[in-house]
Amino acid sequence: MAEAATELPAAATELTPVATGLRVRLTQRAPIPLDAALDCAPGETHALVGPSGSGKTTILRCIAGLHGAAEGRIECGGAVWYDAAARIDLTPQARSAGLVFQHYALFPHLSAQANVEAALGHLPVGDRAARATEMLARVHLSGLEARKPAQLSGGQQQRVAVARALARDPQVLLLDEPFSAVDRVTRQKLYRELSELRRTLALPIVLVTHDLDEAAMLSDRMTILHRGRTLQTGTPREVMTRPADPLVARLVDMKNVFEARVAKSAAATTGVAWNGTVLEVAGAPAFAAGTRVCWGIPVAGVLLHRRDRPSRGEHENPLDGSVAECLEIGEDMHMGMRIDGAPALLWLKVATHVARRNRIAAGEAIRVSLLADAIHVMPWRDLARDMPA
Amino acid sequence: MDWTAFALSLRLAGWTVAVLLPFGLAVARILAWHPFGGRRWVEAALALPLVLPPTVLGFYLLVAFGGHSPLGRIFESLTGHTLTFSFAGLLLASVIFNLPFAIQPMQRAFETIPTDVRAAAACCGMAPWRIFTRIEFPLAWPGILSAIVLTFVHTLGEFGVVLMVGGSIPGETKTIAIAIYDRVQAFDNAGAASMAAVLLVLSFIAIAAAYGTARPRDIHVG
């Protein structure tokens, strides 16, 4: 505390949201390799996204104090929770982290009410019951206080777990795949509830998920994790449309990633030589002419030309080809377009009714445009090697 | 009916449970949750009383408790009487031959408590002792109850070890099982029959009661 007092002027001017939020730096080699950096400001929901086995849950458990990484530092709410160099490693009890476990880990022999009360040890005994009832009401479980976990549906169990995690008045809320154990309809409902809840919470929230759509819908920022390494952090839109490299592009399921070479590099546009044509790319050039690169484009950046009349972006990077594959996903028709000479299909999507009206089917010739501001150029990386399936 | 022997058996069984319960809980938790090198050797040693002939176990205990052993000498210098052929010696022997009956059910019970449930309790801010009393103990209760009942009933019924270590001193080491044997040796079949019947009924009721209570009704772990 004495140290804090002497440093107060400097600290006061540098008081950024992250200083009171969560700051995680972790490295270790075994048992699970980790090289992770994560910052989350109060009021921010930060999604930690990666395939299974990428170390998401391990990082969450490190934050909660259930697992100690070999090296690193974890700060939250201005306090140091873990510092390998300084040999600081607070117990989970001392950390004030609210953790919602993947399968909720409710106490099976206790009622919903008692489950929440178990996390209210910081309150006087007389105040706990009222507070637990209030917490359960907040997650829409009034009237079910006396039920045991086995007598609750999956969605209700998840709400008890959220109420219990918040009961401690934690400095950070940690959600470990909180939607994976419920059915689709319940999940949609719980998404809405979490969206509401996070607006009312002024604490950092870390959401671990392998579901990109879930992350994009619920988070302010997301971090992509692969084999324990945090590869890129940004808004979901940034990460999903401007992946840092082809590996991230693959991890965020960017379907269209190709190898190319920079043809020209000017102030406002870059030209990328690919498959016999030069694609115009909007934006400041980051690569010198002649550099080997990869480029990618989200399916939404590929526009299908109408046969009868011109449409927006018609002049940008027109390409001709034929439909090789059609996949109906939800209300969209995803089409793989074969372009002569291209090593892989170019994927685009249109609304299914549009595809039907235009009688688009496998084998039909189509013409598309690649929007210049949707094309994203990345450092080259061998697309066949080191890639997750 | 030898009431002195019956009372001694109950006293021995009660003390065995009282000593073995806290010790067994500690050992069972460690075996269930804290893998360590050589764990299987410890588990094997703890299970030995299940397979060794009681006379073999009794023989080793007799040697270990005797006046020539360090343990026997320390006990004698502290209390003034021998560890063998005393209630204290009998209790120690009883604790040892009941180890598997107490520890195994409790270890199995602790193993069924998911790691995440215990982690969740820590994340709720519950102190370790409170986690034990509020979460672990109630969840492991069926196994703990089995351990108590098995230990109690098994102590009432143990014969070989008791005879080797305790002899047959009325009021000190002559348990009901020994008393029954004495009656049969004395051709008093009626006396033996009444005591055997008491032991049979008591054991049956205790085990049935434990099965009834220990059945996990609304406990769904996992």
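I began with strands E17 (residues 318-329) and E18 (residues 332-338) of chain A, which run antiparallel and are joined by seven bridges. Strands here are DSSP runs of at least two residues, helices (H or I) runs of at least four, both numbered from the N terminus. I took two strands as paired if DSSP finds at least two bridges between them. In this pair, A:Glu328 stands opposite A:Met333.

I noted the ground rules. This is a predicted model, in which local features need pLDDT of at least 70, side-chain atom pairs count only at pLDDT 80 or more, and totals for chains, interfaces and linings use all residues. Residues are numbered from 1 along each chain as its sequence is written, and chains are lettered from A and ligands numbered from 1 in the order in which they are written.

Then I checked the interface. I found 20 residues of chain A in contact with 20 of chain B (C-beta atoms, placed from the backbone, within 7 Å). Helix H5 (92-95) and strand E7 (97-100) of chain A each supply at least two residues of the side of chain A that touches chain B.

Last, confidence. I read ipTM 0.83 and pTM 0.85 for the model. Chain B has a mean pLDDT (the predictor's confidence in each residue, from 0 to 100) of 89, with 96% of its residues at 70 or more. Over residues 217-222 of chain B the pLDDT is below 50. Where pLDDT is low, predicted coordinates should not be read in detail.

Key. Two residues are in contact if their C-beta atoms, placed from the backbone, lie within 7 Å.
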